[in-house]
Amino acid sequence: MTSPDRPTLGVGLIGHSFMGAAHSQAWRTAPHFFDLPLRPELTVLAGRDRERATDAAARLGWASVETDWRRVLERDDVGLVDVCTPGDTHAEIAIAALEAGKHVLCEKPLANSVAEAEAMTEAAERAAARGVRSMVGFTYRRVPAIGLARQLVAEGRIGQVRHVRAQYLQDWIADPSAPMSWRLEKDKAGSGALGDIGAHIVDLTQYITGETVTGVSALLETFVKERPLPAAAGSLSGVAGEGTGRVTVDDTAVFLGRFSGGAVATFEATRFALGRKNAIRIEVNGSAGSLAFDFEDMNVLEFFDGGEPAEVAGFRRILVTEPGHPYVSAWWPAGHGLGYEHGFTHQVVDLLTAIAKQEDPTPSFADGLQVQRVLEAVERSAAADSVWTPVPA
């Protein structure tokens, strides 16, 4: 538990829907389980509608409300800005916050375009020279089993990486009557399944392997091109109302890739996999072993040691709940699993630790830019009949 005499850091949250709620829980919870070098204060929540923002602040534990995010940047009691808005606003808010001397946590994908991500990265580099830190929220990196997978690869336990397989499977808009939302509009979301969930598996595979995607061959498809307009907003898909709207993003993205170390890869991101709710499936095959992970069983990592005799060889099911596993010692006794929300708490822990140490946290805006370049290469390849498309370094 964080000592009350630690220096405080006022946090301003921009946006309060699904991601805003997840981030709020993390800011509330982190100091109660981890000995943090800074004590976060939930200072202000910003939302365009005062009534909704006031209700969210009361539910989520924020001390005050603003209806213009610019007012958050003007406040002396805010030292960090947490951006949980749609992608079309990330660049403007994050750059302005960094220029105002505020540390920034920005949800993924970093931006809606490479140009925006480049501008954000340049602003982050200028800010870092003044001691102002920034991080992009690829939260699944903070799942203990993912941390263990990265550790095993770095230790050489699976040898040279040869194959990478990655899927992110959901079904929340498989029903054609599910209504429109901002996530289905390209001008707000940037892309569909590709940027919303495909970005996660690009980042995760690069994080686990320690390598980068250097080229892709891709297909994008939109299965349902028109949907009912929403009558009321919900946590994700809302409630259908009158009239229809045009879907302007992809429903699924499928692409081949190659990693910088020579490994070949397959990626699939879809929101049309009926029965799959949040299946993030990563398998890495190396010259000496293999790893497999599925977020729907998130406390487990499967490991195959290729050096064992064939008579006893097989995938080993590792329950990643031991105190020696990443982040776990702060939580419950072994065998008592963690959940989705814990990754956000670990994100807060890592960010505050880096700020206190005057170090740049990871994943950085530069990491977010690199993922954005992969996403853009996927879109360019799909638009050109799946032609092989290099990812700029």
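Colleague: Which strands does helix α10 (residues 365–383) lie across?

Modeller: Helix α10 lies across β8 (213–221), β11 (252–259) and β17, running at about 50 degrees to β8. Keep in mind that this is a predicted model, where local features need pLDDT of at least 70, side-chain atom pairs count only at pLDDT 80 or more, and totals for chains, interfaces and linings use all residues. Residues are numbered from 1 along each chain as its sequence is written, and side-chain values use heavy atoms, with hydrogens and water left out.

Colleague: Why are α6 and α8 called oblique to each other?

Modeller: Helix α6 (residues 144–154) and helix α8 (residues 193–209) pack at about 40 degrees, with axes 7 Å apart. Angles under 35 degrees count as roughly parallel, over 145 as roughly antiparallel, 65 to 115 as roughly perpendicular and the rest as oblique. So α6 and α8 are oblique to each other.

Colleague: What makes the contact between α6 and α8?

Modeller: Contact means heavy atoms within 4.5 Å. Ile146, Ala149, Arg150 and Val153 of α6 meet Leu204, Tyr207, Ile208 and Thr209 of α8. The residues of that contact divide into six nonpolar, one polar and one charged.

Colleague: How do you know that β7 and β13 pair, and in which sense?

Modeller: Two strands pair if DSSP finds at least two bridges between them. Strand β7 (residues 161–169) and strand β13 (residues 279–286) have eight bridges, in the antiparallel sense. Val164 stands opposite Val284 in β13.

Colleague: What makes β16 and β17 edge strands?

Modeller: Nine strands form an open sheet, in the order β16-β15-β14-β13-β7-β12-β11-β8-β17, with mixed pairing. Strands β16 (316–319) and β17 (389–390) each pair on one side only.

Technical notes. Axes fitted to C-alpha atoms, helices over the stretch in contact; angles between N-to-C directions. Helix = DSSP H or I, 4+ residues; strand = E, 2+ residues; numbered from the N terminus. Nonpolar A, V, L, I, M, F, W, Y, C, P; charged D, E, K, R; others polar.
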